[in-house]
Amino acid sequence: MASQEHWNLENGNVKPLSKEHRHGHGHSHGRTAHNMSSQSLRKKSDLSLVSKVRIGLLRQFLTNLQEVILGTKLSVLFPAIPLAIIAQIYSFGRPWVFGLSLLGLTPLAERVSFLTEQLAFSTGPTVGGLLNATCGNATELIIAIFALYQRKVDVVKYSLLGSIISNLLLVLGTSLFCGGIANMSQEQKYDRKQADVNSQLLLLALLCHMLPLMFKYTATADTLTATPTLQLSRASSIIMLIAYIAYLFFQLKTHRQFFETQVEDDDNNDDVSDEEEAVLSFWSAFAWLVGMTAVIALLSEYVVGTIEDASTSWGLSVSFISIILLPIVGNAAEHAGAVIFAFKNKLIAMFVVPLTVIVAWILGIEMNLDFNLLETGSLALSVLLTAFTLQDGTSHYMKGIALLLAYVVIGACFFVLKTPIVPNANILHLGAKTSSGTVFSA
């Protein structure tokens, strides 16, 4: 009976776990819900024409080119990359540079996931898991570093916050909605162990984000300065990085069975075995990964440098573009795959955000974890709504609708919000002004 099975949410559908997975003895080359999230976007390459090339090196290069560039359904967006570079070189409209760069980042993010998965076949599950955890957030991290370098601290905060909220509400909501519609005649249940660990990490990250904000509003007038808030943020970032390292040890060593995806299904064994075969050698995958990371860095620099011009030209606030548009386009692979609990969301909250604070510290830039009241409130309610959604271990389309509508409401909030971006403006005053102009903070 379907109601008596253990299930796993994957690619928008709830699937029964294999016997090996239920007992924790499966092996998957370090493959997790994260690096399998975009398999629905991949397509098998036809190498019949390439195999006729007689020159060995040329044949190998063409084979790799076909697997990497044409092996995804997002390959139609690759032309946006040279177009963005041409638009930048010849000084076309800067909003065009921004839009083309965003489109170009979309397939690159999905291909990085594919390449790290290929490396995992050669490095083993532990190193492969570390690669997936690090490179899976490469796009967000690179954009954040370039924004920091240009002293656009608010853009960094908005983009990282948007990535977390997008994965929590939009990706998970799409997964639950599509899975519920496709399985309306069955009671869908899934293993709660991974969801419980994820919820704990997110609540810990939320606590670290809320403390600087609460500290600012509860401090007395004598201590209400930027320095204590900055120090608290840096301490909280170190704590989050420690929790992230502990989580990696938990995931990759002591409790791997919680996170391994199903690698054996009696009904679809042939399809899964095809996905398990490496199509690139270690050094080929490594070279492509380095090259694509360099291109991501170039396009990220274009995005950060032109975001204000795009905001002015399109009539959208920088906050809306950073919180809503950037994550939707940058994480299109995850949105299309509709994966379980967006494996990236906790990594962004527990790894990318605190690492960005530490990098800013090294660069001498004062970036704290005070994301202001509206932004932190949106994050808090998103985390709580997600935790309540996953607590009972069941799935249906109504849960997906609730999450999607919550994302729409948050998007509408930042769409109508026209607060200008002020560099290094991290203090939000809530209260009224006296006739002399003094602000009484709440």
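Angles under 35 degrees count as roughly parallel, over 145 as roughly antiparallel, 65 to 115 as roughly perpendicular and the rest as oblique. In this predicted model, local features need pLDDT of at least 70 and side-chain atom pairs count only at pLDDT 80 or more, whereas totals for chains, interfaces and linings use all residues. Residues are numbered from 1 along each chain as its sequence is written, and side-chain values use heavy atoms, without hydrogens and water.

Helix α8 (residues 192-218) packs against helix α15 (residues 373-390) at an angle of about 160°, the axes lying 10 Å apart. Axes are lines fitted to C-alpha atoms, for helices over the stretch in contact, and angles run from 0 to 180 degrees between N-to-C directions; helices (H or I, at least four residues) are DSSP runs, numbered from the N terminus. The two helices, α8 and α15, are therefore roughly antiparallel.

## Salt bridges

The structure contains 4 salt bridges, each a side-chain nitrogen of Lys or Arg within 4 Å of a carboxyl oxygen of Asp or Glu. One of them joins R94 to D309, with the closest N and O atoms 2.8 Å apart. R94 belongs to helix α4 (residues 94-123) and D309 to helix α11 (residues 282-314), 215 residues apart.

Another pairs K152 with E308, at 2.9 Å between the closest N and O atoms. K152 lies in the loop between α6 (138-149) and α7 (153-182) and E308 in helix α11, so this bridge ties together parts 156 residues apart in sequence.
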